[in-house]
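Dear colleague,

Please read the two together.

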Amino acid sequence: MMISTITAKKIVQEIGTVLNRTVFFADTNGVIIAGTDEKRIGSEHQLAKKLILDSKDEIIENSQAAFAFDAKQDIYGYICVEGDTAGISASIPLLQKTCALIASTIEDIDNSALQRRIENRFLHTWLFGKNTSITSEMIEFAAGMNIDITMPRRFYAFTPVIPKDDTDSKENCQIRIDSAIREAADLARQVRNGLALIEGTILMCSCGETEDEKIFALVEDIREKIERKYKLFLCAGIDSGSRGYAHVEDECQKAQKAAVVSARSPKKETRFYDSINMEIFSNYIPTEVKEMYIRRVFRNIPTFEIRDWIYLLNAYYNHEGSITKAATELGIPINTLQYKLRKLYSKTGYDPRSIRFSSLFYNALHFYSDIKDQK
């Protein structure tokens, strides 16, 4: 029976700490694969070799001890101790149990990680397989993982966003994002018939068919727990309703698009796919068309100045037209902001303070964000 180097190292560390002696782990051929003296890794341990040749379970001689590590009635390798061997013989049964416990724990973790990788690969194929046909073999394979892919389902997606005023380092922000996604996935899996798949910065989740009110409550509960713990926005999107297992790919895409819209919205509120309008079609509009639209809205303004106007309008619209709040965010006097908005009106002919023209600028902001994300 083979044992991994990682497990062997862990056993050596634990036994070495308990005994405060030099400890090695030799494989079933007597070759050292882990030890507190790493220089000897790869060489034969003579006492372990003798133990193998004499077909014994343990041997103590010349300030050295070696004993077989067996589990499930099979030899995994040999533990070799060098130094003072007083009392070692009486301690061997306990040391063997310690080794078995360590190996069993690591094996359980490895098996769990392997099962998760298999499940993730399957979910990726099922949910993002581009019209993957559902066969009886696929249904049976999923059932083996306790996943029923034929049942009616709802889909929802999360994407984390760090607040603009966050002062944490870039590295720590990424750690918070990764931890938030993993913990949100765990919460989603705890729901009845819950599934979760992490795809980059998007977490795709699923549960059994339910009403809009209930799935909204579920999403908000997960958001509240994660946002409070990790101090970020967990933007969320929800599909347009269950249409059977043949349409899961389409509903996943809807949930994803709604989550992206949530991330771009000022309030970062949970969005249902059916509640969004222009944002739905943004991905289908060519970049050159978006650029042309931006230039037409910001007509008579040099290209290099557009970015500054975008920045100003984002603050203005994010605060729902509040001059005071927008000016505070921009770090400029209220009168200066009012002057700039009037100046934009005079240059473009579109008043950003008017409800009539605000949608023009809102679309331009959205397209500008799309183009920026693609670069």
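Asp351 and Arg353 form a salt bridge in this predicted model, with their closest N and O atoms 3.0 Å apart, where a salt bridge is a side-chain nitrogen of Lys or Arg within 4 Å of a carboxyl oxygen of Asp or Glu. Asp351 counts as buried because its relative accessibility is 13%, whereas Arg353, with a relative accessible area of 37%, is partly exposed; buried means under 20% relative accessible area, exposed over 50%, and partly exposed in between, with a 1.4 Å probe and protein chains only. Salt bridges that share partners also join Arg154, Asp212 and Asp239 into one network.

Since the conventions matter for reading these values, the model is predicted, so that local features need pLDDT of at least 70 and side-chain atom pairs count only at pLDDT 80 or more, while totals for chains, interfaces and linings use all residues. Residues are numbered from 1 along each chain as its sequence is written, and side-chain values use heavy atoms, with hydrogens and water left out.

By the salt-bridge rule the count comes to 19. One of these pairs is Asp239 with Arg154, whose closest N and O atoms are 2.8 Å apart. Glu183 is partly exposed, its relative accessible area being 25%.

With a relative accessible area of 2%, Ser206 is buried, and its side chain makes a polar contact of 3.1 Å with the side chain of Arg153. A polar contact here is a pair of N or O atoms within 3.5 Å; within protein, one must be able to donate a hydrogen and the other to accept it, and residues adjacent in sequence count only if both atoms are side-chain atoms. Leaving aside residues up to four places away in sequence, Ser206 touches Arg153, Arg154, Phe155, Tyr156, Asn193, Gly194 and Leu195, contact meaning heavy atoms within 4.5 Å.

The structure holds one cavity of 30 Å³ or more, and the largest cavity has a volume of about 50 Å³. On a 1 Å grid over the protein atoms alone, a cavity is a set of points where a 1.4 Å probe fits but cannot get out, and a pocket is an open set with protein on both sides within 12 Å along at least five of seven lines, while lining residues have an atom within 4 Å of a point. Grid points are joined across faces, edges and corners, and a volume is the space filled by probe spheres set on the points. The lining of the largest cavity includes Arg153, Phe155, Asp239 and Tyr245, and the elements that give two or more residues to that lining are E6 and H7.

The largest pocket contains about 1300 Å³ of space. It is lined by 36 residues, of which Lys164, Ala263, Arg264, Lys268 and Asn318 are the closest to its centre. E6, H7, helix H10 (303-318) and helix H13 (355-374) each supply at least two residues of the lining of this pocket, and the largest share, eight residues, comes from H10.

Finally, some backbone details. Asn62, which is not a glycine, has a positive phi of about 50°; Asn62 is found in the loop between strand E3 (58-61) and strand E4 (64-71), and it counts as exposed at 67% relative accessibility. Ser63 is placed in the loop between E3 and E4 as well, with a positive phi near 60°, and at 46% relative accessibility Ser63 counts as partly exposed.

With best regards

How values were computed. Helix = DSSP H or I, 4+ residues; strand = E, 2+ residues; numbered from the N terminus.
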